[in-house]
Amino acid sequence: KEAKINIIENDATSVEASSLFSLLDFNAIAERCDVNLVNVAKGDWMLKKVPDGMYFKELEIPRVIDNCDLLISFAKLKTNAMTKVNGVLKNMFGLIRTKRKSLFHAKIDEAIADINKIIPPDLCIIDGFIGMEELGPAFGRPKKCELLIGGVDPVAVDACCARIMGFYPRLVRHIALSEKCEIGR
């Protein structure tokens with residue numbers, strides 16, 4: 001079976017995925033490499049129940065995700081003022097349908113665990129060649145780390161990244177909650 005690659009992004013509060021694709025020149029890369037750029041905000045969604053949801057009882061997820069044979073969560077190694085670290089677990093938070101994801105910031109750790117219960121990545125990759133420290137995720141300071149971190153367990157990958165960034169993983173709440181929910185095992 002021939003593989004078809006989709007690069008998936010969702011609209012966020014301050015930017016639309018299609019604008020990011022253009023700004024970062026993903027359109028040219030996608031054409032050259034024969035991959036699809038998918039703005040899930042413009043696609044079909046399906047409702048899924050969240051087992052033992054801490055924040056959500058059900059969530060809409062992009063239908064394209066449900067049809068994937070292999071889902072790779074690819075994130076940057078960077079700090080986050082709200083969650084301490086970004087990583088593959090936090091990356092999945094971006095797939096919540098609502099454009100204004102700031103609505104969930106009061107319970108972001110629970111929301112991150114819930115989305116990972118119903119959309120678990122098969123492969124987790126963190127690009128840490130140039131990371132970000134201090135005021136992440138948007139206003140931090142670049143830091144050359146020359147790292148590529150990967151695995152199949154998103155909790156283990158994010159825990160490793162937290163340690164690299166100087167955090168104790170059990171004190172990063174969304175990592176601790178996700179571990180308690182047995183995500184990635």
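Which residues does Ala162 touch, not counting residues up to four places away in sequence?

Author: Happy to. A word on the basis: this is a predicted model, in which local features need pLDDT of at least 70 and side-chain atom pairs count only at pLDDT 80 or more, while totals for chains, interfaces and linings use all residues. Residues are numbered from 1 along each chain as its sequence is written, and side-chain values use heavy atoms, with hydrogens and water left out.

Now to your residue. Ala162 touches Val85, Phe167, Pro169, Val172 and Ile175, once residues up to four places away in sequence are set aside; contact here means heavy atoms within 4.5 Å. Ala162 sits in helix α6, residues 154-164. Helices (H or I, at least four residues) and strands (E, at least two) are DSSP runs, numbered from the N terminus. With a relative accessibility of 0%, Ala162 counts as buried. On that scale, buried means under 20% relative accessible area, exposed means over 50%, and partly exposed lies in between, using a 1.4 Å probe and protein chains only.

Ala162 and Val85 are 77 residues apart in sequence, yet their C-alpha atoms are 6.5 Å apart in space. Val85 belongs to strand β6, where Val85 stands opposite Thr79. Strand β6 (residues 84-85) pairs with β5 in the antiparallel sense over two bridges; two strands pair if DSSP finds at least two bridges between them. Three residues lie between β5 and β6, which form a hairpin. On to another pairing of β5: six bridges join β5 (residues 72-80) to β7 (residues 123-133), and these two strands run parallel. Ala75 stands opposite Ile126 in β7.

Leaving aside neighbours within four places in sequence, His174 is in contact with Thr83, Val85, Leu89, Lys90, Asp109, Ile112 and Asp158. His174 lies in helix α7, residues 173-180, and His174 is buried too, at 0% relative accessibility.

Finally, the cysteines. A search of the whole structure finds zero disulfides, a disulfide being a pair of cysteine sulfur atoms within 2.5 Å. Cys160 is in no disulfide, and the nearest cysteine sulfur, that of Cys161, is 5.5 Å away. Cys160 is partly exposed, at 36% relative accessibility. Cys145 is in no disulfide either; its nearest cysteine sulfur, that of Cys161, is 9.9 Å away. Cys145 is partly exposed, with a relative accessible area of 25%.
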